[in-house]
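Welcome! Please take a moment to look over the sequence and turn the model around before reading on.

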Amino acid sequence: FMYVGASEVGVVKILEPMSPMLNYFEYEIIDKGERCAIGIGVGELEYPLDRMPGWNENGIGYHADDGCLFNQSGYGIQLGPTSTKGDRMGCGIDFETDVGYGYVSVFFTRNGQQVSKPIKMKRPIHGLYPLVGMHSRGEKVRYLGHCRRLPDSVQPSTSVEMSPWVRSNGVMFLEDGLTLEYCGDGLQPEGQDVGAAQTLNYCMERGNHHFEMVIQECGKGGMLAIGLASSSYPLHLSPGSGIGSIAYRTDNGLLYKGDVQGVSFGPVCTEGDTVGCGIQCDDGMPMRRAQERVCNVFFTANHQVIGAFQCSIPEGGFYPFVALLSLGAKVKVTFKTWTSYMERALSKIIAVKKSQAAKYKESQAEPQSSMDVNVKLRILQRLSVGSNSQVRGDMFMYVGASEVGVVKILEPMSPMLNYFEYEIIDKGERCAIGIGVGELEYPLDRMPGWNENGIGYHADDGCLFNQSGYGIQLGPTSTKGDRMGCGIDFETD
């Protein structure tokens with residue numbers, strides 16, 4: 001890392017929070033520049049990149065030119081010796097010693113030797129992140145890496161030594177290293193302080209394809225999540241809310257896939273329940289894009305498969321991810337808990353989905369069903385047409401520029417008339433066509449399924465939209481000449 005400024009401070013922040021397994025890092029001074037105005041330390045996620053480590057609130061730093069400690073202030077106090085070219089400066093956090101809820105101890109080293117006793121510091125929301133600052137021409141440092149190192153005289157914790165959680169933030173490891181307890185600040189005005197843990201020891205594939213968490217304590221609010229994410233997924237985000245992740249929330253039963261808006265998926269779970277997540281790769285699956293790998297991600301509740309979702313595998317693979325979002329929450333995680341029963345259950349779900357897709361494809365080749373002409377004429381007299389749509393006989397056309405256009409038939413679905421179909425005559429620019437049902441007051445400028453009390457199947461992506469602007473894969477896409485149908489089963493209770 002090199003300083004290229006004139007007079008302002010230059011800071012490099014590593015966007016991986018300090019954690020019990022990776023609690024220490026070092027830099028080597030390659031060139032001291034004009035003044036060796038170099039500092040190392042930790043700070044909050046939003047720590048400014050033009051302020052030396054420790055000068056600002058929620059930051060602490062040890063500076064090479066004067067050997068001073070800067071603890072959330074521009075005024076330093078003597079901490080240790082100065083450093084120069086060839087010296088190594090290190091910073092670590094002691095997660096082992098209890099210094100009060102929400103607090104940690106920070107320590108510094110020079111050439112591998114600890115320079116003082118650890119300094120107590122409040123853990124800011126989203127955790128603490130490594131910083132190195134430079135402030136004079138010609139300065140250059142080399143990042144030497146992260147490792148696990150404890151302060152002098154601190155005994156290592158067995159639970160941490162045994163833990164598979166290489167990446168974590170806002171959680172404590174208990175007992176055998178698989179039990180996690182939330183130690184964050186909960187919901188704050190600045191946002192949700194996420195307690196997260198991710199193992200990189202179990203890339204989810206055929207050999208490691210399922211893991212579970214037992215909810216020991218829900219905590220205040222009961223907000224917990226289980227899922228999968230890429231190895232570089234930001235730990236301050238809930239799993240499922242960002243790209244490269246998918247997760248199931250136990251407090252609301254919603255599924256999240258790369259979006260902060262979830263879709264209804266499964267039951268709400270509480271203390272004593274066991275929630276699981278797994279993956280099934282199928283080499284025979286059709287690729288949705290060239291070179292894209294897809295898989296079925298499934299979730300379980302109390303050892304029962306509750307559903308599966310097809311999604312893309314991020315570069316580098318999927319890794320288990322658990323999030324605790326409530327004060328007092330506590331879970332225990334186990335890996336490789338796959339059973340033959342769940343394998344059969346998941347296979348059945350996938351087989352049903354494939355069968356439905358095959359039947360749908362076959363139906364495209366069938367002659368058009370005979371429709372009652374009198375019924376069709378009566379229904380065409382009861383239409384509510386949006387401003388961006390136009391009706392000519394039994395042809396509905398889009399006449400807008402960018403807004404949605406909807407045609408609503410003002411005849412409710414009924415047991416005797418429970419199914420209808422549309423044929424795509426022209427797919428237009430994007431075949432952004434959707435079919436579905438909605439309430440009487442469903443807006444005429446929102447695609448079927450985007451809004452409350454509406455559900456729709458869309459032609460361009462084959463996705464189901466169920467009272468949400470976020471779709472989940474349902475079936476094949478459709479284009480010119482295809483027929484799309486929608487029905488309601490009034491027979492089944």
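In this predicted model, the side chains of Glu26 and Arg88 are joined by a polar contact of 2.9 Å. Glu26 itself belongs to strand 2, which covers residues 24-32. Is Glu26 buried or exposed? Its relative accessible area is 11%, and because buried means under 20%, Glu26 counts as buried. You can see what surrounds Glu26 by leaving aside residues up to four places away in sequence: Glu26 then touches Arg88, Met89 and Gly90, along with Thr109 and Gly112, and also Arg142, Tyr143, Leu144 and Gly145.

Now step back to the chain as a whole. Its 493 residues include 46% that count as buried. Take the contacts between residues at least 6 apart in sequence: 62% of them join residues at least 24 apart. The accessible surface of the chain comes to about 24000 Å², and carbon and sulfur atoms account for 51% of that.

With strands in mind, let us follow one sheet. Strands of a sheet pair through backbone hydrogen bonds, in either a parallel or an antiparallel way. Here, seven strands form an open sheet with antiparallel pairing, and their order is 14-15-28-19-24-25-26. Which strands stand at the edges? They are strand 14 (171-174) and strand 26 (304-312). Each has a single partner strand, so one side of each is left without a neighbour in the sheet. From one strand to the next, the twist averages 25 degrees.

Strand 19 spans residues 210-217 and strand 28 spans residues 330-335, and the two pair in the antiparallel sense over six bridges. To pick out one of these pairings, look for Glu217, whose bridge partner in strand 28 is Lys330.

Finally, visit two loops. His126 sits in the loop between strand 10 (119-122) and strand 11 (129-134). Although His126 is not a glycine, it has a positive phi of about 75 degrees. His126 is buried, with a relative accessible area of 12%. Asn453 is found in the loop between strand 34 (434-438) and strand 35 (454-458). Asn453 is not a glycine either, yet its phi is positive, at about 60 degrees.

Definitions and conventions
Residues numbered from 1 in each chain as written. Predicted model: local features only at pLDDT ≥ 70, side-chain atom pairs only at ≥ 80, totals over all residues. Heavy atoms only, no water. Helix = DSSP H or I, 4+ residues; strand = E, 2+ residues; numbered from the N terminus. Buried < 20%, exposed > 50% of the residue type's maximum accessible area, 1.4 Å probe, protein only. Polar contact = N/O pair within 3.5 Å; in protein donor to acceptor, adjacent residues only side chain to side chain. Contact = heavy atoms within 4.5 Å. Pairing = 2+ DSSP bridges. Axes fitted to C-alpha atoms, helices over the stretch in contact; angles between N-to-C directions. Areas by Shrake-Rupley, 256 points an atom, 1.4 Å probe, with all protein chains shown as cover.
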